[in-house]
Amino acid sequence: MLKKFREVLPNEDCLYFGDTANMPYGEKSKAELIKFSNKIFKFFEERNVKAVVMACNTTSSNVYDTLKNNYNFKIYPIIQSVTGLLANLQIERLGVFATHATINSHAYANGVHKNNKKMEVLEIACPDWVKIVESKTENKPASLELIKAKVGEMMKFRPEKIVLGCTHYPYLTEQLGKYAPAELFINPAESFVNYIKKDLEKLNLLTDKTTEGFEKIYVSANPEQFMAAGSMFYEVKELPELVK
C-alpha cells in the first residue's frame, strides 16, 4: 500500500506506523483492534497529521465505524472507500479473500450491498496466507496446497472478480494464478489510492509542494526485523524508529 501511495502521491509527507508488536491483526478480537488503533491514532494526532489511511482491511472492517468521529483528521478506511467502486462493476458475482476478522465483519458484502443489492458476494477467510507471505514460503508444496484449496472453494461460486482483501494477499498473485485466471483478482490498493488523491483534491488538502515528500517509518517492536521483512513490499531506506 505504501508503495502505491508514494507512486500516486509522491509529494505528500508521509508517516507510516507498523504495529509489529501486535501483528498479525487478522485473529485479534474487535476490542483488541480498537485498543491498538486508538493508540496509533493518538500517535498521529500528536503529530498534527491532516489524514490517516487505514490500509489494513481488518481494522477498516472492525474499527472505523467506532473511531471515525473521535479524531480531528480525515480517516480513509480501505474497505468503506472501495466497496462503492466494487458495487459498480458490471458483474453479478464477487468473491472476497480476507482474514477471519474481516470476513466475520462482512464489511465487503455489507459495503457492496449498500450500493448494489443484486450483486452476490462470497467471503472466504484465508488465515494462513499472511504467514505464508511473511515467511516467504509461497512456493513450498504445503503453502501451494493451502492456496489451491481456498481458490478451489471460491471457484465453485463462479466469481467474475475476486478481491484480495488483505494487504499481504497481492503478493501471492503468481501462486493464485496457477489455480484461477489472473484477470479475476483485484488488488483494492490501486483504486483506493486514486480515491484518496481525488478526495484530498476535493477537500483542498493536497500539498502544493513540487518536491518529493518527507517519509518516516515507525514501528512498535523489532525495527531491524521490520526493515528486513519489509523489503519484500517496499524499499525501507532507513531503520524505522521504535515507538512503545
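I started with the four-stranded sheet. It is open, its strand order is S5-S4-S6-S7, and the pairing is parallel. I then looked up its edges: strand S5 (120-125) and strand S7 (185-186) each pair on one side only. I note here that the model is predicted.

**Entry: strand S4**

I went to S4, residues 93-98, and checked burial. Six of its six residues are buried. I sorted the side chains by direction. Arg 93, Gly 95 and Phe 97 point one way, while Leu 94, Val 96 and Ala 98 point the other way. I recall that side chains in a regular strand alternate between the two faces of the sheet.

Next I took the partners of S4. Six bridges tie S4 to S5 in parallel.

**Entry: S6 to S7**

I moved on to S6, residues 161-165. Two bridges join S6 to S7, and the two strands run parallel. Across this pairing I see Ile 162 opposite Phe 185 in S7.

**Entry: the three-stranded sheet**

I turned to another open sheet. Three strands lie in the order S1-S8-S9, with parallel pairing. Strand S1 (14-18) and strand S9 (241-242) are at the edges with a single partner strand each, so one side of each has no neighbour in the sheet. I looked up how S1 meets S8, residues 215-219: five bridges join the two, running parallel. In this pairing Phe 17 faces Tyr 218 of S8.

**Entry: the whole protein**

I have twelve helices and nine strands for the protein. The radius of gyration is 18 Å, close to the 18 Å that the globule rule gives for 244 residues, so the protein is as compact as a globular protein of that length. Along the principal axes, the C-alpha atoms fill a box of roughly 50 × 40 × 35 Å.

I checked burial across the protein: 48% of the 244 residues are buried. For contacts between residues at least 6 apart in sequence, 71% join residues at least 24 apart. The accessible surface is about 12,800 Å², and carbon and sulfur atoms account for 49% of that surface.

Last, I looked up charge. There are 32 positive and 30 negative side chains. The centres of the two sets lie 3 Å apart.

Technical notes:
Residues are numbered from 1 along each chain as its sequence is written. This is a predicted model: local features need pLDDT of at least 70, side-chain atom pairs count only at pLDDT 80 or more; totals for chains, interfaces and linings use all residues. Side-chain values use heavy atoms; hydrogens and water are left out. Two strands pair if DSSP finds at least two bridges between them. The radius of gyration is taken over C-alpha atoms; the globule rule is 2.2 Å times the number of residues to the power 0.38. Buried means under 20% relative accessible area, exposed over 50%, partly exposed in between (1.4 Å probe, protein chains only). Contact means heavy atoms within 4.5 Å. Accessible areas come from the Shrake-Rupley method with a 1.4 Å probe; for residues, only the protein chains shown count as cover. Lys and Arg count as positive and Asp and Glu as negative; His and the chain ends are not counted. The place of a charge is taken as NZ of Lys, CZ of Arg, CG of Asp or CD of Glu.
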